[in-house]
Amino acid sequence: MLTENIYSSMIGRHYFKREIKALCALIDQRIEYRLPNFALRTRLLELMSNQFIKGDADKKELEKRVMRDLAAYPAKQEKLEMSYKIQVTLYSGGKCTLDINLNTIQWTEPESGNSFTAPINYGTTWISNVPERTFSGVFEGENNVVMMSPIISRENILKTDNFAVLSVLLIVPVGETKLLLEKTCPDCKYGPVHPSKANKGNGEFSKMAKYVCSNCDSEFYM
């Protein structure tokens with residue numbers, strides 16, 4: 001299987017879409033800690049098929065690289081070597097199971113005892129200016145009623161049967177953190193936007209950096 005942050009350096013950097021870059025960083029983290037990532041690589045291939053690339057990179061060749069990696073290290077082999085279903089109990093009383101191989105979250109409703117399963121949604125929360133991972137899932141219940149699982153974060157976990165692996169999963173990869181720190185224009189949503197050369201504001205903005213959007217020329221301070 002590919003190693004050494006190859007997904008970010010050989011795949012992610014060729015794409016504009018932040019979701020692809022963040023997913024590559026997440027895959028690299030899983031590889032680094034020898035954690036299941038086949039489902040994430042499969043999702044990456046799906047995202048790549050409908051996205052434009054930067055420069056003169058060969059889109060088909062990039063997709064073939066991922067396909068070769070999927071074939072060289074398939075889900076069956078991954079499950080034999082590293083299979084993880086992590087049980088999590090929340091302070092609210094809810095119980096969730098994170099299936100790292102399938103990339104799913106199963107949530108058991110405390111009141112009814114009903115269980116739902118959906119793909120994991122990866123989010124972030126900021127604690128002391130450091131991003132930490134959150135997990136959740138969106139479920140379609142009876143009569144097409146959409147329900148959302150409790151959000152799993154470090155602060156609301158009462159207990160788990162595999163704290164060592166869960167602690168790794170709660171770390172936001174460096175590559176994704178860099179993406180989160182990039183600024184986006186609040187008016188046209190263009191990004192990344194970098195501080196202007198005269199990067200300090202005046203008056204009430206004197207302690208903030210001045211940004212000028214190259215797409216719509218809007219000025220804002222952060």
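**Close-up views of a predicted model**

**View 1. Five strands form an open sheet in the order β4-β3-β2-β1-β9, with antiparallel pairing.** The model shown here and in the other views is predicted. Because β4 (115-119) and β9 (157-160) stand at the edges with a single partner strand each, one side of each has no neighbour in the sheet. From one strand to the next, the twist averages 25 degrees.

**View 2. Strands β3 and β4 run antiparallel.** Strand β3 covers residues 104-108, and five bridges join β3 to β4.

**View 3. The largest pocket holds about 410 Å³ of space.** Its lining is made up of 20 residues, and those closest to the centre are Ser-8, Ala-25, Asp-28, Val-174 and Gly-175. Two helices, α2 (18-32) and α7 (174-181), each supply at least two residues of this lining. Helix α2 gives the largest share, seven residues. By type, the lining residues of the largest pocket are nine nonpolar, six charged and five polar.

**View 4. The second largest pocket holds about 310 Å³ of space.** Here 17 residues form the lining, and Leu-23, Leu-40, Arg-43, Ile-120 and Tyr-122 lie nearest the centre. Two or more lining residues come from each of α2, α3 (38-48) and β5 (121-127). The lining of the second largest pocket contains 10 nonpolar, four charged and three polar residues.

Terms used. Residues are numbered from 1 along each chain as its sequence is written. This is a predicted model: local features need pLDDT of at least 70, side-chain atom pairs count only at pLDDT 80 or more; totals for chains, interfaces and linings use all residues. Side-chain values use heavy atoms; hydrogens and water are left out. On a 1 Å grid over the protein atoms alone, a cavity is a set of points where a 1.4 Å probe fits but cannot get out, and a pocket is an open set with protein on both sides within 12 Å along at least five of seven lines; lining residues have an atom within 4 Å of a point. Grid points are joined across faces, edges and corners, and a volume is the space filled by probe spheres set on the points. Helices (H or I, at least four residues) and strands (E, at least two) are DSSP runs, numbered from the N terminus. Ala, Val, Leu, Ile, Met, Phe, Trp, Tyr, Cys and Pro count as nonpolar, Asp, Glu, Lys and Arg as charged, and the others, Gly among them, as polar. Two strands pair if DSSP finds at least two bridges between them. Axes are lines fitted to C-alpha atoms, for helices over the stretch in contact, and angles run from 0 to 180 degrees between N-to-C directions.
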